[in-house]
Amino acid sequence: MADMDAFRAAVLAWVVGGPGEPVHELAARLPVRAVVLVEGPSDVEAVGALAERRGRDLADEGVCLLSMGGAMSVGRFAGLLGAPDLGLRLLGLCDEAERPYYARALGPVDGARQPFFVCAADLEDELIRALGVPRVEELVREEGELRALQIFLRQPAQRDRDAGQRMRRFIGTKAGRKIRYGRALVEALDPDRVPAPLDELLASL
């Protein structure tokens, strides 16, 4: 894990103008065989949690889960990491609104080795629908945030949203909450209720 963290840090430094040599050296030494490009750390937590539930250690398998800090950066990451001498397979997990960015950077979705997987709205929406709002409310209670949820739901801005939309907004309203629930929601899933984009991504690795 420490080695993969070093690779991830080297990539992030390279993307903002740092040297590429450490990325090449680490990719050859580890070796890294695939990089999954996702928007943020909550996506990393969700993919990692599902892998762990299935008895897999993605870092040991040479798979790097990489949070880009925004979907519009996918072209820059793919342009650097797609260099032929690195020999990396690039994949992605994105929201429906981000599909055009990923298609331009990674190629269209077509066939068994498709390069990226698309959530209907976003990953939190997929997970909330898979679990159902009542189960997500139970998780919020278990996390000690039921009072915070109740206050949030009384806000006038939430009245015109459906229950799933309100829960999705709540998860995204506080720093760190989205990351925490990215893992908690996946850990609560029944094995046969894993959202298709997440399930198919992991199966492709």
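# A tour of the salt bridges, domains and cores

Begin by selecting Glu45, Glu52, Arg183 and Glu187, which a network of salt bridges links together; a salt bridge is a side-chain nitrogen of Lys or Arg within 4 Å of a carboxyl oxygen of Asp or Glu. The model is predicted, so local features need pLDDT of at least 70 and side-chain atom pairs count only at pLDDT 80 or more, whereas totals for chains, interfaces and linings use all residues. Residues are numbered from 1 along each chain as its sequence is written, and side-chain values use heavy atoms, with hydrogens and water left out.

**First stop: glutamate 45**

Glutamate 45 lies in helix H3 and arginine 183 in helix H10 (residues 177-187), so the pair ties together parts that are 138 residues apart in sequence. Helices are DSSP runs of H or I with at least four residues, strands are runs of E with at least two, and both are numbered from the N terminus.

Colouring by accessibility shows glutamate 45 as partly exposed, with a relative accessible area of 25%. Arginine 183, at 21%, also counts as partly exposed. Here buried means under 20% relative accessible area, exposed means over 50%, and partly exposed is in between (1.4 Å probe, protein chains only).

Next, display the surroundings of glutamate 45. Leaving aside neighbours within four places in sequence, glutamate 45 is in contact with Ile179, Gly182 and Arg183, contact meaning heavy atoms within 4.5 Å. The C-alpha atoms of glutamate 45 and isoleucine 179 are separated by 6.6 Å, although the two residues are 134 places apart along the chain.

**Second stop: helix H10**

The side chains of glutamate 145 and arginine 180 meet in a salt bridge (2.8 Å, N to O). This pair links distant parts of the chain, 35 residues apart: glutamate 145 is in the loop between helix H7 (133-142) and helix H8 (146-153), and arginine 180 is in helix H10. Glutamate 145 is buried, with a relative accessible area of 7%, whereas arginine 180 is partly exposed at 34%.

Move to helix H6 (residues 123-131), where glutamate 126 and arginine 129 both lie, 3 residues apart, about one turn of the helix. Their side chains form a salt bridge of 3.3 Å, N to O. An α-helix has 3.6 residues a turn, so residues three or four places apart point the same way. Glutamate 126 is buried at 10% relative accessibility, while arginine 129, at 47%, is partly exposed. Across the whole structure, a search finds 18 salt bridges.

Colour by domain: the assignment gives domain 1 (1-121 + 193-204) and domain 2 (123-188), with bounds that come from an automatic or database domain assignment. Taken over C-alpha atoms, the centres of domain 1 and domain 2 are separated by 26 Å.

To view the interface, show the 20 residues of domain 1 that are in contact with 15 residues of domain 2. The area buried between the domains is about 1500 Å², of which carbon and sulfur atoms give 61%; buried area is the accessible area (1.4 Å probe) that two parts lose on being put together, summed over both. Between domain 1 and domain 2 the count is 2 salt bridges.

The end C-alpha atoms of residues 33-95 lie 24 Å apart, and the span is 33% helix and 27% strand.

**Last stop: the nonpolar cores**

Finish with the largest nonpolar core, which has 41 residues; those with the most contacts inside it are Leu58, Leu93, Met167, Leu185 and Leu198. A nonpolar core is a set of buried Ala, Val, Leu, Ile, Met, Phe, Trp, Tyr and Cys residues joined through side-chain atoms within 4.5 Å. The largest share of this core, 6 residues, comes from helix H3 (residues 41-53). Domain 1 and domain 2 both give residues to this core, so it lies between them.

Select methionine 167 to see its touching residues: Ile128, Val133, Val136, Glu137, Val140 and Leu149, not counting residues up to four places away in sequence. A second, separate core has 31 residues, including Phe7, Ala83, Leu90 and Val118.
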